[in-house]
Amino acid sequence: MLGLLIGVVGFTLTIWQLRRTARAAEATQKAVERTENRMALNHLLVLLPQFRVLESELDFAVADEDRKMAMRVLASYAQIASQVAGLLDGRDGVDSVLVERLGRASRDASLTKARIINEPARNVRLITKDFRSATADLAAYIGSLASRFSLESGR
């Protein structure tokens, strides 16, 4: 009888230990998810203001008819737009249309850069006109998004 009692106690302790381990694993998983979310948010807070910088640099390149600078800016824009789209994709409170627009802006920046290379006789202002128009309102929205994420990071 004593052996049976010891077996039951041992079994009960084993179950208790398994539950405790499961709770610890769940808490660890939640901590990892919070950390990943915080890292993504911090990365967004660094990247989002870059859109304004790039928009300004493209304006300077256009004004100076500086093809090389325009190509560098467009390549940077494509990269950052793609990264931001990836970080925002599936994030709570982010419109999927914005993610699609960022993907399209990334692709358009790359295509515009290619046009600058492939059309040396045309001026930079004309080649970039459609891209600059298409991304103007996107930059304003991204600015408001940066403010929202900045507030969210303070929590």
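This chat goes through the nonpolar core and the salt bridges of one predicted model.

Trainee: What should I keep in mind about pLDDT here?
Mentor: The model is predicted, so local features need pLDDT of at least 70 and side-chain atom pairs count only at pLDDT 80 or more, while totals for chains, interfaces and linings use all residues. Residues are numbered from 1 along each chain as its sequence is written, and side-chain values use heavy atoms, with hydrogens and water left out.

Trainee: Which residues touch the most other members of the largest nonpolar core?
Mentor: Among its 32 residues they are Phe51, Tyr77, Val84, Leu88 and Leu102, where a nonpolar core is a set of buried Ala, Val, Leu, Ile, Met, Phe, Trp, Tyr and Cys residues joined through side-chain atoms within 4.5 Å; buried means under 20% relative accessible area, exposed over 50%, and partly exposed in between (1.4 Å probe, protein chains only).

Trainee: And which helix gives the most to this core?
Mentor: H2 does, with eleven residues, helices being DSSP runs of H or I with at least four residues, numbered from the N terminus.

Trainee: Changing topic, how many salt bridges are there?
Mentor: There are three, each needing a side-chain nitrogen of Lys or Arg within 4 Å of a carboxyl oxygen of Asp or Glu.

Trainee: Which residues are linked in a network?
Mentor: Arg115, Glu119 and Arg122 are, with 3.3 Å from N to O between Arg115 and Glu119, and 3.0 Å between Arg122 and Glu119.

Trainee: How far apart are the closest N and O atoms of Arg52 and Glu55?
Mentor: They are 3.1 Å apart, and the two residues are separated by about one helical turn because they lie three residues apart in helix H1.
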